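Take a look at the structure below and get ready for a short tour of some helices and a sheet.

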Amino acid sequence: MNDDEAAFSAALIAASEAALRVILSLGIAPGEADDVLQDASIRAWRHREQRRGDFRPWFVSIAYREARRPRRRWLTIPTFWSARAQATESGEQMHEVLRLLPSLPMRQRLVLSLRCDAELSTKETADIMGISEPAAKQLLARARESLRRALDRSRAEAAS
Amino acid sequence: MTVIDDADIDIAVSDRPLTQPELEALSNARSFMERGGFATERQSRSLAIELLAGGAVAVLVIGLILALLRPMPARPLPAGSRPTASPTATPEPSSSPTQTTVPLDIVAQLNLGSHYVNAMAVSPDAVWLAIQGVNYGDAGTLIRVNPKTARKTASWTIGGDPAAVAAAGSFVWVANGIGDGSEVLPEQNTVEQFNAATGALVHLYRVNDPRGLVANLDSALVVSASTQEQTAISVLAGGSSQAIASLSGVLQGTSTSAQSGLAVCGHQAYVALTISLTTGANAKIYSVPPTGGAVRGIATVPADYAPAMVCDGTSLYLPAPFGKAGQGSLVRVDVPTGAVTTLWQGPAPQALAVAAGRLWITSFADIPTDESVFLSSLDPVTGVESSTRRFLPAGPNRGDPDLLIPGASGFWTVAGGGNLLLHIAVG
């Protein structure tokens with residue numbers, strides 16, 4: 001591996017977890033998410049000259065597109081959210097939040113993942129999703145609101 | 001209202017630990033990155049495709065030899081002649097016999113290299129493949145294939161995200177989707193009507209996010225997303241569009257005209273629309289005449305059932321690829337009554353087709369380490385699976401052989417990770 005490739009490899013590895021979490025939020029199974037991440041890294045290397053700005057949001061946007069490529073099908077409600085709900089021990093409320101995440105519409109899950117997992121700015125999130133900044137803010141607020149409502153319903157059901 | 005602030009929600013999302021399979025995926029990808037696979041993978045994948053193609057040829061040769069040696073299979077029921085079970089008499093899923101693998105009879109094939117098929121349609125004199133651009137943002141290509149030889153006979157430029165293709169009479173229609181919305185794609189949000197013989201563009205229709213097409217002799221029914229939660233059904237003809245209905249839910253799916261939530265049988269088109277709710281999702285199925293007319297609700301199925309629907313004279317069939325314990329299933333919807341019954345349970349079903357009185361299905365092999373895909377058939381009344389299966393050549397990217405369309409003899413399918421067109425005879 002030459003110096004360019006080594007530097008690129010290090011940047012990819014640093015951004016890989018954020019990209020993986022975004023891919024998983026789209027409902028792609030871990031076995032395929034691995035392929036998507038590898039394909040995204042190939043695509044990123046081929047188009048490295050076109051990068052403008054920070055590496056991570058650029059790579060996350062490539063991974064997102066790769067995951068949404070039409071040849072990848074059967075995007076379903078992610079199972080990883082619920083699996084994770086069982087894995088966490090960070091309090092009952094957090095546990096409940098994670099349990100209810102799969103019930104959100106895909107775009108609401110995605111905006112949460114881009115903002116919280118990939119730690120992207122509102123502008124970067126909006127750019128990746130192809131929406132305006134105000135729309136991204138509104139979507140994020142709606143996602144949080146949906147979670148609160150789902151929590152209310154869940155607790156009401158548990159109490160009755 | 002629950003008292004949980006924004007920061008707590010964000011922390012819950014960002015701090016969640018990865019599961020073991022997710023950690024393994026991350027580890028695999030990082031190993032790939034660490035060894036510089038991103039810079040060398042193109043060559044190794046080309047080699048893999050060549051090996052796969054070589055393997056497919058070997059399978060073809062072996063298959064031909066064994067086909068000559070084996071006894072003739074029992075004659076299948078002719079299409080449309082199967083007995084119709086009343087909904088109350090529909091049996092529970094039956095256990096299938098022990099299966100043996102028989103060779104895949106590949107009549108002809110076309111390797112598309114680095115191009116991936118998004119949608120396919122089969123007409124009496126051509127197979128039509130709609131292919132996305134190699135790079136996101138590039139224009140796509142419509143390829144006409146000779147069904148006898150599987151050789152390409154013509155190709156034309158189409159939109160960058162071909163979502164569906166349909167052909168009938170003198171025209172072929174292509175629905176150009178919007179992709180992931182991150183950048184403007186060539187001809188996005190349009191339906192193109194081409195002269196099937198010359199490739200001349202006859203009309204270009206503006207349609208927001210078109211997702212499914214049904215071609216008639218001189219018109220097409222298009223199913224499109226008018227908003228994120230609403231679907232429009234329109235008839236396109238002579239350069240203009242006539243709205244038929246606006247319905248709640250979206251046509252999701254597999255982006256293929258044959259394998260999306262859109263099926264045509266007799267004089268009805270059936271549309272399965274997924275209704276997303278914060279509490280889950282259902283798919284509601286409607287019927288509409290392909291040339292336009294009254295829309296009628298048929299049934300509602302749980303969201304577990306992927307909107308990849310096929311039909312015969314009286315029933316609709318939908319697969320649920322991911323069920324409990326890795327098992328998938330199929331449901332049958334009785335069109336006259338709307339009754340929904342589970343017909344079959346087994347390895348993750350991908351593509352469905354109805355032909356020769358049987359329900360054909362491609363599934364992922366139920367061996368965890370084996371990513372190959374096999375083709376088998378079911379009795380559409382009892383759900384009993386045939387005792388034989390045929391393995392399809394799978395490619396480096398699993399999940400693509402979900403294009404399965406009956407042709408004049410056998411099936412057309414896309415395997416090899418989405419770039420290998422196969423014409424398969426099933427005897």
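Let's start with helix H2 of chain B, which runs over residues 20-34 and has 15 residues. In this predicted model, H2(B) reaches 20 Å from its first C-alpha to its last, close to the 21 Å expected at 1.5 Å a residue.

Which residues of H2(B) are buried? They are B:Glu22, B:Ala25, B:Leu26, B:Ala29, B:Phe32 and B:Met33. Look down the axis of H2(B) and you'll see these buried residues fall within an arc of 125°, so they line one face of the helix. There's a handy rule behind this kind of pattern: an α-helix has 3.6 residues a turn, so residues three or four places apart point the same way. Over on the other side of H2(B), B:Gln20 and B:Ser27 are exposed.

Now step just past the end of H2(B).

As for handedness, H2(A) passes H2(B) in a right-handed crossing.

## A mostly covered helix

Staying with chain A, find helix H6, residues 106-117. How many of the twelve residues of H6(A) are buried? The count is ten, so this helix is mostly covered. Among the buried ones are A:Leu110, A:Val111, A:Leu112 and A:Leu114, but also A:Arg109, A:Arg115 and A:Asp117.

After H6(A) comes A:Glu119, and its phi is positive too, near 55°.

## A four-stranded sheet

Back in chain B, there's an open sheet of four strands. Their order is S7-S8-S9-S10, and the pairing is antiparallel. Which strands sit at the edges? Those are S7 (162-168) and S10 (201-206) of chain B, each of which pairs on one side only. From one strand to the next, the twist averages 15°.

Zoom in on one of the pairs. S7(B) and strand S8 of chain B, residues 171-176, are joined in the antiparallel sense over six bridges. If you want a spot to check by eye, find B:Ala167, which stands opposite B:Val172 in S8(B).

Definitions and conventions: Residues numbered from 1 in each chain as written. Chains lettered and ligands numbered in written order. Predicted model: local features only at pLDDT ≥ 70, side-chain atom pairs only at ≥ 80, totals over all residues. Pairing = 2+ DSSP bridges. Helix = DSSP H or I, 4+ residues; strand = E, 2+ residues; numbered from the N terminus. Axes fitted to C-alpha atoms, helices over the stretch in contact; angles between N-to-C directions. Expected span 1.5 Å × (residues − 1). Buried ≥ 20, exposed ≤ 12 C-beta atoms within 10 Å, placed from the backbone. Arc of directions from axis to C-beta. Left-handed = near helix turned anticlockwise from the far one by under 90°.
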